[in-house]
Amino acid sequence: MTLIIAHRGARSLAPENTLAAARKALDVGADLWETDVSVTNDGELILFHDESLVRTTNVKERFPNRDPWRGNTFTLEELRSLDAGSWFTTADPFGRIAMGEVSQEDLSAYRNEKIPTLSEALRFTRDASFCVNLELKRLSPPMENFPMVERVLASIEDAGIDHGRVIVSSFHHEWLREVQIRNPSLAIQALIGYSETDPLDWGGLEFATYNARSTLIDENQVRVITEKGISINLFTVNDEDEMLRFTKAGVTGLITDFPQRAFRLLR
């Protein structure tokens, strides 16, 4: 069975990388949710994708003099003062609101949605008996020397979540090797395809699972790699024909902005 992996939560139905998006992913039948782990200026782990806060919060209104509004230059307290949900109702980034797929009740609830901490995300996942893929984001100045792996592993332990419900992934493969050494009970997945145009670099196929950019691979390549005993998840697969094509080719999972679509198609 191909796993349905909700990219940043069900981000076509709720504001990405929020607990609302995680809940929606669970509701629509995803097998797990994927989210991005970053860090604040005061060393707190949060869920956030972009370096800048502008696209998915009201930071320009709250802190007009902090251009370019990079997330790792703000403290957790400052970030928690932001509205990380209302932008979704205005932008309708995937057109699902216009299609009537998001209820008015949900839209009202998204207003003032907060940027979650990693601890909150892990507790939600634990309590919901869900699973999560934590993508550890590359860190830019001034936080480039933050002990990311050490702190993430400590958060996992503090949350008391079953290690079988947590996957750690990253484009920074050295971090994955560190996870393997520090806590071999945790599954790791190597992200490849950071560039949208360069060929995929599989290295020495040292990892058991790779999360690869779907536009840089075809069905034959999927078969060649999986025949070596390597698992492949593909990002970001939103088109139904591609979902079917790659599932037939034998991918382990589809990382998608539309878990509701994948569920209808594959289950």
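How many helices and strands are there in the chain? There are eleven helices and nine strands, and the model you are looking at is a predicted one.

**Figure 1. The whole chain.** Let us start with the overall picture. The radius of gyration of the chain is 18 Å, close to the 18 Å that the globule rule gives for 267 residues, so the chain is as compact as a globular protein of that length. Its C-alpha trace spans about 55 × 45 × 40 Å along the principal axes. Buried residues account for 55% of the 267 residues. Of the contacts between residues at least 6 apart in sequence, 59% join residues at least 24 apart. The accessible surface comes to about 11900 Å², and carbon and sulfur atoms hold 46% of that surface.

**Figure 2. The largest pocket.** Here we move in on a pocket with a volume of about 680 Å³. It is lined by 31 residues, and D36, H49, E135, K137 and Y194 are the closest to its centre. Strand 2 (32–39), strand 4 (132–136) and strand 7 each supply at least two residues of this lining, and strand 2 gives the most, with four residues. By class, the lining divides into ten nonpolar, ten polar and eleven charged residues.

**Figure 3. The second largest pocket.** About 160 Å³ of space lies in this pocket. Among the residues that line it are R138, F171, H173 and Y194, and Y194 is also one of the residues closest to the centre of the largest pocket. The lining of the second largest pocket has six nonpolar, three polar and three charged residues.

Figure 4. Rolling a probe the size of a water molecule over the atoms shows where empty space is left. The structure holds one cavity of 30 Å³ or more, and the space in the largest cavity is about 70 Å³. Of its 14 lining residues, E16, N17, T18, F48 and T56 are the closest to the centre. Seven nonpolar, four polar and three charged residues make up this lining.

**Figure 5. T209 in strand 7.** This view picks out T209, which lies in strand 7 (residues 209–213). Is T209 buried or exposed? It counts as buried, because its relative accessibility is 13%. Beyond its neighbours within four places in sequence, T209 is in contact with I188, Q189, A190, S231 and N233.

**Figure 6. Helix 6 and the residue S129.** Helix 6 covers residues 118–127, and its buried residues are L118, E120, A121, L122, F124 and T125. The helix is followed by S129, which has a positive phi, near 55 degrees.

Definitions and conventions. Residues numbered from 1 in each chain as written. Predicted model: local features only at pLDDT ≥ 70, side-chain atom pairs only at ≥ 80, totals over all residues. Heavy atoms only, no water. 1 Å grid on protein atoms, 1.4 Å probe; cavity = no way out; pocket = protein on both sides within 12 Å on 5 of 7 lines; lining within 4 Å. Points joined across faces, edges and corners; volume = space filled by probe spheres on them. Nonpolar A, V, L, I, M, F, W, Y, C, P; charged D, E, K, R; others polar. Buried < 20%, exposed > 50% of the residue type's maximum accessible area, 1.4 Å probe, protein only. Rg over C-alpha atoms; globule rule 2.2 N^0.38 Å. Contact = heavy atoms within 4.5 Å. Areas by Shrake-Rupley, 256 points an atom, 1.4 Å probe, with all protein chains shown as cover.
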